[in-house]
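Please consult the sequence and the three-dimensional structure below while reading this briefing. The notes are arranged by topic.

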Amino acid sequence: MKKIALYITTLLLALGTSACSDFLDKEVDLSLSDEQVFSSYENTRGFLANIYTYLPDAFAGYHDGQFRAASRDCMTDNALSFWDVHYYHSILTDSYSAIDHPFAKDFWPKNSKAIRAANQFMKNARESVIGNSNKTGDDNQLYNRCMAEARLLRAIFHFDIACWFGDVPIIGDDENGIPIVFDPGDTESMNMARTKCADALKWIANECDAIKDVLPFRYSNEDENWGRVNGAAAYALKSRALLYRASALNNPSNDLSYWQEAAQAAQDFITANNRQSKPYKLYTTDNNDKSRNYYECFVVTPYYNDEYILSRSVWNTREIELFLAPCGFSGQVSSTGRTNPTQNLVDSYETINGLPIDKDPAYDAQNPYENRDPRLAQTILHHGSIWGDPLQEEQREVDVSYPSGKDYQELHGGTLTGYYTKKFLNNMSFKSPSLYNHACPIFRFGEILLNAAEAINEASGPAQAYQYINQVRARVGMPAYSNMSQAEFRERIRNERRIELCFEDHRFFDERRWKLFEEQSNASEKTLPYYRQVYNIYGVTVTPEASTTYTYGPAQKHPTRAFNYPKNYYFPLPDAEVKKAPNLKQNPGWELSETAEEP
């Protein structure tokens with residue numbers, strides 16, 4: 001008998017991950033055969049639950065304290081990683097090959113296994129075992145719902161491959177509509193050509209169409225089903241997939257019909273959401289405190305957050321606090337602060353007047369954090385920020401002054417830019433440390449609004465697009481946009497995405513799909529404001545003289561990024577996979593010479 005290889009959810013629980021649903025926590029015995037799994041109701045549901053462990057997770061790196069414990073925005077112009085051996089440094093310097101690329105060896109096999117597992121479920125799950133009766137509530141026609149869940153998960157995994165690798169080997173259904181399940185050793189069948197990325201993204205959108213109204217848009221019993229994919233997640237995936245398809249990287253001729261489809265997809269989500277008795281919405285505090293609305297969205301218990309559409313299971317941990325907080329906080333445990341936002345990102349926050357800092361005469365570079373977009377203070381810890389648990393007498397000003405500030409640098413942590421990350425960071429006592437619920441959204445409502453603004457602006461201009469971006473800005477009290485040209489509004493939308501979605505695994509894909517690197521070079525962009533530069537990375541040095549002085553210049557590490565195109569638009573396929581299945585073909589620029597292959 002064939003044995004079913006699964007990732008065991010209980011292993012993830014041992015690492016600190018948890019989920020609301022009993023079925024999403026279900027363990028499946030590795031020794032069970034196909035028949036034993038799919039003849040049992042609980043084992044079948046457990047098999048489906050285990051597929052969820054493959055979902056993308058922007059926090060995954062924090063499980064690996066040595067090589068990845070920082071935001072993946074450290075592969076972009078948004079942040080630098082303090083820790084020398086983190087993989088992100090070699091991404092910035094383009095130092096990996098197809099043989100040793102750590103993310104290629106992670107993301108490619110993980111998603112391939114996930115797609116196979118989803119297809120196994122859809123091929124083998126039995127209506128007679130699961131049941132498909134009409135019921136009141138979330139379990140109505142349960143078999144149909146479970147099949148739709150697996151199909152949506154399969155689409156998400158294909159999308160993740162498209163994001164990291166470009167062209168996609170679509171492993172969907174055969175000519176008879178039966179999900180394709182290759183045997184692990186069947187290299188001949190797996191030796192297939194990849195589908196062009198734009199076409200794959202359209203296929204993903206079509207998959208979403210097929211099931212988005214089969215699943216409940218939002219589960220009525222979220223205590224049991226929180227973390228499970230729903231109809232809203234299908235609408236959201238379609239919106240993002242079509243937005244990426246319409247962008248310059250996948251739409252070099254700027255076919256406006258692509259943008260129109262993307263605009264319609266985002267508006268379809270909003271229309272469907274408005275019909276719900278409990279719609280998704282931007283998170284606000286009980287008293288709509290604009291100085292805390294944005295920050296609390298990412299630290300409040302995710303189960304009670306109506307902005308989160310889908311995220312990976314909640315992780316009850318203090319690892320996020322240890323790896324994000326400034327390095328000067330210590331007690332029973334010590335912080336290391338390894339995700340350092342760049343001056344490029346800091347400068348992208350407008351003044352409170354709604355203007356870029358280089359366009360507002362009121363901006364003072366020696367008093368740089370006053371009268372800025374409130375999201376700056378809610379996302380980034382800078383010199384003078386108030387942090388620390390007041391109950392344990394740890395509250396104080398953050399001190400990144402050079403060279404001896406408490407939070408400047410220590411052996412295992414510090415800042416290369418003058419900044420630390422506050423987003424997702426709870427104000428934990430280091431004398432008496434706690435555990436906190438953490439989850440990074442895969443989809444959230446704020447992104448949908450920004451998707452709509454971008455796609456509508458590109459399809460037909462700003463007039464109908466302002467309303468969506470202005471909702472996002474209103475949450476934090478920023479002025480509404482109006483009276484802009486399409487090009488001017490494009491720049492503001494891109495800037496808004498950057499600050500609203502930072503540290504959520506968006507910037508890496510956004511700066512590539514917009515092809516920002518081809519618009520300038522290391523030398524030519526130096527005449528631009530820092531926030532418009534993508535090759536050169538900047539920070540601030542704070543000098544505590546008679547009056548504190550801020551000196552802006554190149555970051556201490558990677559002051560210049562290496563970006564070779566078309567090579568660095570995508571990661572390489574693992575070299576071993578291309579050797580086994582040469583029809584996959586390697587991504588451009590990553591081909592290995594015979595000399596490189598011999599070692």
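The points below concern the nonpolar cores, the helices and their packing, and several residues in loops.

The model is predicted. Its largest nonpolar core holds 168 residues, and helix H7 (residues 142-165) gives the most to this core, with 17 residues. In soluble globular proteins, nonpolar side chains tend to be buried together.

**Nonpolar cores**

- Phe121, Leu152 and Phe269 touch the most other members of the largest nonpolar core.
- Apart from this core lies another one, of six residues, including Leu80, Phe82, Leu92 and Ala555.
- Leu152 touches Cys208, Ile211, Leu215, Val229, Asn230, Ala233, Ala234 and Leu237, leaving aside residues up to four places away in sequence.

**Helix H7**

- Of the 24 residues of H7, 22 are buried, so the helix is largely enclosed by the rest of the structure.
- The end C-alpha atoms of H7 are 34 Å apart, in agreement with the 34 Å that its 24 residues should span at 1.5 Å a residue.

**Helix H12 and its surroundings**

- Helix H12 (residues 256-274) has 19 residues, and the distance from its first C-alpha to its last is 27 Å, close to the 27 Å expected at 1.5 Å a residue.
- Buried residues of H12 include Tyr258, Trp259, Phe269, Ile270 and Asn273.
- Among the elements that cover the buried residues of H12 are helix H11 (231-246), strand S3 (308-311), helix H17 (445-460) and helix H18 (466-475).
- H12 packs with H17 at an angle of about 145 degrees, their axes being 8 Å apart, and the crossing of the two is left-handed.
- On the H12 side, the residues that meet H17 include Trp259, Ala263, Ala266, Phe269 and Ile270; on the H17 side, those that meet H12 include Phe445, Ile448, Leu449, Ala452 and Ile456.

**Packing of H9 and H11**

- Helix H9 (residues 197-211) packs with H11 at an angle of about 160 degrees, and their axes are 9 Å apart.
- H9 and H11 are therefore roughly antiparallel to each other, and their crossing is left-handed.
- Residues of H9 that meet H11 include Leu201, Ile204, Ala205 and Cys208, and their counterparts in H11 include Ala234, Leu237, Ala241 and Leu242.

**Asn344**

- Asn344 lies in helix H15 (residues 343-347) and counts as buried, at 0% relative accessibility.
- Leaving aside residues up to four places away in sequence, Asn344 touches Asp77, Arg498, Tyr530, Tyr531, Gln533, Asn536, Ile537 and Tyr538.

**Backbone features in loops**

- Most residues other than glycine have a negative phi, and most peptide bonds are trans.
- The peptide bond from Tyr402 to Pro403 is cis, with omega near 5 degrees.
- Pro403 is placed in the loop between strand S8 (396-397) and strand S9 (420-421), and is exposed, with a relative accessible area of 54%.
- Although 138 residues apart in sequence, Pro403 and Thr541 are 9.1 Å apart in space, C-alpha to C-alpha.
- Tyr565 and Pro566 are also joined by a cis peptide bond, with omega about 10 degrees; Pro566 belongs to the loop between strand S13 (548-554) and helix H21 (575-580).
- Glu393 has a positive phi, near 55 degrees; Glu393 is in the loop between strand S7 (386-387) and S8 and is exposed, with a relative accessible area of 70%.
- His558 also has a positive phi, near 55 degrees; His558 is in the loop between S13 and H21 but is buried, with a relative accessible area of 15%.

Technical notes. Residues are numbered from 1 along each chain as its sequence is written. This is a predicted model: local features need pLDDT of at least 70, side-chain atom pairs count only at pLDDT 80 or more; totals for chains, interfaces and linings use all residues. Side-chain values use heavy atoms; hydrogens and water are left out. A nonpolar core is a set of buried Ala, Val, Leu, Ile, Met, Phe, Trp, Tyr and Cys residues joined through side-chain atoms within 4.5 Å. Buried means under 20% relative accessible area, exposed over 50%, partly exposed in between (1.4 Å probe, protein chains only). Helices (H or I, at least four residues) and strands (E, at least two) are DSSP runs, numbered from the N terminus. Contact means heavy atoms within 4.5 Å. The expected span of a helix is 1.5 Å times one less than its number of residues. Axes are lines fitted to C-alpha atoms, for helices over the stretch in contact, and angles run from 0 to 180 degrees between N-to-C directions. Angles under 35 degrees count as roughly parallel, over 145 as roughly antiparallel, 65 to 115 as roughly perpendicular and the rest as oblique. A crossing is left-handed if the near helix is turned anticlockwise from the far one by less than a right angle, and right-handed if clockwise.
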